[in-house]
Amino acid sequence: MRSDQLRRRNRPGGALRGAALGAAVAVAVLTALVVARWGPLMSCDGRVARALHAHAVTHPGFTHVVRVLSDWFWDPWTMRALAAAACLWLWWRGEVRCALRIALVTLVASVIQQGMKALVGRDRPVWPDPVVSADYSAYPSGHAMTATVVCGLLLWLVPRGAPHWPARTAAALAALSVLGVGFTRIYLGVHWLSDVLAGWLLGVVLVALAVLTAPGGAGGAGGACSGRSPASPRADYPAR
C-alpha cells in the first residue's frame with residue numbers, strides 16, 4: 001500500500017522530467033535543422049508563412065486585431081509585467097524564495113532567447129508588402145518563449161485545491177495566450193513556424209526545471225514554491 005502511494009506521489013515529477021527531457025531534445029534537433037537549413041523544414045516554414053501573410057495582406061481589419069494582441073496583450077513586456085506583479089504579491093505574502101525563483105526564471109528566459117538569436121542569426125521573413133516590421137534575429141520567437149514561461153509559472157502558483165472553474169479558466173487563458181501569440185507572430189510575417197516551435201519548447205524546458213528544482217518538486221507544485229500554503233503554520237514564512 002505504501003509503495004503504491006509513493007509511486008502515485010512520484011508520478012507527476014517523473015512526467016515533468018520526461019516532458020523537460022523531450023522538449024530539450026526536440027529543441028536541440030530543431031535548432032540543428034534550422035542551422036543546417038534542412039530543406040523539408042525550410043519548405044514547410046515557407047509554405048505556412050506565405051499562406052498566412054497572403055491572408056494578412058488581404059484582411060487588414062483582422063490583421064489590426066492580431067497586431068493589437070501581439071503588440072500589447074501578449075507582448076513580452078506585458079508578460080514580464082505579469083510576472084513582476086506575481087513576484088510582488090508573493091513577496092508581500094512572505095514567499096520570498098518563490099518570488100525570487102519566478103523573477104530569476106523570467107530573467108534567464110530573456111538571456112537565453114537573446115543569446116540563441118545571436119548564435120543562430122536567422123533572418124526574418126522578407127515581404128514586398130509587409131504588414132509590420134521587427135528587428136533582430138528570428139530564432140527563437142521571444143514572444144512565444146516569454147508567454148510560455150510566464151503563463152507556465154503563473155499556472156504553477158494556482159493551488160491544487162482551487163475550485164475547478166477558476167483553475168480551468170486560468171489554464172484556458174494560459175493556453176490561449178501561448179498558442180495565440182505564436183499564431184500572431186507567424187501571421188504578421190515576422191517569424192517562421194519553427195521559430196515559434198522553438199520558443200514554446202524552450203519555455204517548457206525552463207518551466208519544468210523551475211518546478212522540479214523548487215522545494216517539494218513537482219509533487220509540491222501549486223499555491224507556493226514550497227508546496228505548502230502560506231497560511232499553513234508549517235510554512236517557512238508566516239501569512240501576512
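# Reading an all-helix model together

Tutor: From the N terminus on, the elements of this chain run α-α-α-α-α-α-α-α. Keep in mind that this is a predicted model.

Student: Thanks! How many helices and how many strands does the chain have?

Tutor: There are eight helices and zero strands. The chain has 240 residues, and 43% of them count as buried. As for contacts with a separation of 6 or more, 75% join residues 24 or more positions apart.

Student: Where do the nonpolar side chains go, and how do I read a core?

Tutor: In soluble globular proteins, nonpolar side chains tend to be buried together. In this model, the largest nonpolar core holds 36 residues, and Ile102, Tyr139 and Leu153 have the most contacts inside it. At least two core residues come from each of α1 (2-35), α2 (39-58), α4 (76-93), α5 (96-120), α6 (142-156), α7 (164-187) and α8 (193-212).

Student: Which helix gives the most to this core?

Tutor: That is α6, with seven residues.

Student: How many of the lining residues are nonpolar, polar and charged?

Tutor: The lining divides into seven nonpolar, six polar and eight charged residues.

Student: You mentioned His143. Is it buried or exposed?

Tutor: His143 is buried, because its relative accessible area of 11% falls under the 20% cut-off. You will find His143 in helix α6. Not counting residues up to four places away in sequence, His143 touches Ser70, Trp74, Asp75, Pro76, Val181 and Arg185. Its C-alpha atom is separated by 8.8 Å from that of Val178, 35 residues apart along the chain.

Student: What about a residue in a loop? Where is Trp192 found?

Tutor: Look in the loop between α7 and α8. Trp192 counts as buried, at 18% relative accessibility. The C-alpha atoms of Trp192 and Asp45 are 5.5 Å apart, although 147 residues separate the two along the chain. Beyond its neighbours within four places in sequence, Trp192 is in contact with several residues, among them Asp45, Gly46, Arg124, Pro125 and Ile186.

Student: How do I describe two aromatic rings that sit together?

Tutor: A pair of aromatic rings is described by the distance of the centres and the angle of the planes. A search of the whole structure finds two aromatic pairs. In one of them, Phe62 and Tyr187 have ring centres 5.4 Å apart and planes at 90 degrees, so the pair is edge-to-face. This pair links distant parts of the chain, with Phe62 in helix α3 and Tyr187 in helix α7, 125 residues apart. Tyr187 is buried, with a relative accessible area of 1%, whereas Phe62 is partly exposed, at 41%. Ring pairs link Phe62, Phe183 and Tyr187 into a cluster.

Student: Finally, how do I read the backbone angles?

Tutor: Most residues other than glycine have a negative phi, and most peptide bonds are trans. Now look at some backbone details in this model. A cis peptide bond joins Tyr139 and Pro140, with omega about -5 degrees, and Pro140 is found in the loop between α5 and α6.

Student: Which loop holds Tyr136, and what is its phi?

Tutor: Tyr136 also lies in the loop between α5 and α6. Its phi is positive, about 70 degrees, although Tyr136 is not a glycine. Tyr136 is partly exposed, with a relative accessible area of 48%.

Student: And what is phi for Arg37?

Tutor: Phi of Arg37 is near 55 degrees, a positive value in a residue other than glycine. Arg37 lies in the loop between α1 and α2 and counts as exposed, because its relative accessibility is 58% and the cut-off is over 50%.

Notes. Residues numbered from 1 in each chain as written. Predicted model: local features only at pLDDT ≥ 70, side-chain atom pairs only at ≥ 80, totals over all residues. Heavy atoms only, no water. Core = buried A, V, L, I, M, F, W, Y, C linked by side-chain atoms within 4.5 Å. Buried < 20%, exposed > 50% of the residue type's maximum accessible area, 1.4 Å probe, protein only. Helix = DSSP H or I, 4+ residues; strand = E, 2+ residues; numbered from the N terminus. Nonpolar A, V, L, I, M, F, W, Y, C, P; charged D, E, K, R; others polar. Contact = heavy atoms within 4.5 Å. Phe/Tyr/Trp six-rings, centres within 6.5 Å; stacked < 30°, edge-to-face > 60°.
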